[in-house]
Amino acid sequence: MKKFAFALMAVATLAMVACNKKDEPKNNTGGGGDDDDDPTFVSKISVRDNSIADWANVPAQYLVEAKCPEDALFTAMKSVKVYADQQYINVLMEYDPSQFGVDAAGEDDWDWLPVHMYINADNDAKTGGYDDEFTDGDAEVLLEGGIYSQKEAIDYDPAYFKWWGDGIDETNKTGWFWTDPTKDEAWLEANKWGAIIATGEGGIGKSQEIGGKGMVEIQIMREMIPVTWHETTFTIGFDIQSHWTSNGVLPQGPENAGAQGKVAKLVITIDPTFYE
């Protein structure tokens with residue numbers, strides 16, 4: 001799968017992101033602002049409680065789950081659960097830590113372990129593209145962030161990349177542009193490798209490791225992503241990478257289904273209830 005050109009941005013931001021450990025105040029589930037007259041939204045999911053018990057409180061009609069088939073091509077991501085409420089995208093991801101390690105060049109996955117989220121936020125295929133991992137080819141949002149940095153679990157506070165249109169990746173011959181095609185590489189390197197928001201810059205996301213390596217709970221502040229959201233639904237797909245090459249993808253069919261088991265992204269219905 002794709003080895004992203006902007007991977008170097010992650011290296012440039014390692015020091016900043018590594019400081020973003022889970023020693024923040026454990027009150028991240030609020031989000032209504034500083035005005036005492038405004039209601040404060042409280043999600044059913046907390047990523048500061050060292051537990052996944054709160055997923056039992058998610059209304060079943062808004063909970064979406066994908067599991068990796070036994071005969072899948074990419075098996076490092078074992079399962080994901082997704083729940084979107086009025087403010088957040090909540091994700092519970094289980095992965096296989098045995099599929100990550102040190103490569104021949106001595107580079108360690110645990111020095112920077114990236115997770116990507118591909119989102120069609122507005123349900124309009126014309127505003128997005130990219131079909132490398134998935135068949136629908138309509139994502140206009142890419143979130144890229146690490147769940148490990150310098151061998152320690154960190155908050156998933158991703159960079160946000162906008163879909164810019166069709167281009168040519170000479171490695172995989174796939175049409176895509178996640179960076180402004182009018183800018184040269186020197187400009188991109190000096191400007192967050194084309195990200196609208198750089199890793200750790202926007203405070204978009206938070207996460208917690210559950211029980212050591214292998215499970216992570218992520219909460220993305222959906223309303224802080226500068227994109228037009230459909231009122232009721234969106235689609236999302238995930239990958240996790242070893243040395244910037246996908247080795248876990250969800251949703252995914254068996255290897256013999258379609259091209260390398262590719263399927264459409266998960267359809268998420270936003271919970272309309274404003275919980276207080």
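Visitor: What does "buried" mean for a residue in this predicted model?

Guide: Buried means under 20% relative accessible area. The model itself is predicted.

Visitor: What makes E3 largely enclosed by the rest of the structure?

Guide: Seven of its eight residues fall under that 20% cut-off and count as buried, so E3 is largely enclosed by the rest of the structure. For the chain, buried residues make up 53% of the 276 residues.

Visitor: Why are E2 and E3 called paired?

Guide: Pairing needs at least two bridges between two strands. Seven bridges join E2 (residues 77–84) to E3, so the two strands count as paired. They run antiparallel. In one of these bridges, Met-77 has Tyr-95 of E3 as its partner. E2 and E3 form a hairpin, with three residues between them.

Visitor: How do you know that E3 also pairs with E9?

Guide: The same test applies: at least two bridges. E3 and E9 (residues 215–221) have seven, so they pair. The sense is antiparallel. Glu-94 stands opposite Met-215 in E9.

Visitor: Where is Glu-107 found?

Guide: Glu-107 is in the loop between E3 (88–95) and E4 (112–120).

Note on methods: Residues are numbered from 1 along each chain as its sequence is written. This is a predicted model: local features need pLDDT of at least 70, side-chain atom pairs count only at pLDDT 80 or more; totals for chains, interfaces and linings use all residues. Side-chain values use heavy atoms; hydrogens and water are left out. Helices (H or I, at least four residues) and strands (E, at least two) are DSSP runs, numbered from the N terminus. Buried means under 20% relative accessible area, exposed over 50%, partly exposed in between (1.4 Å probe, protein chains only).
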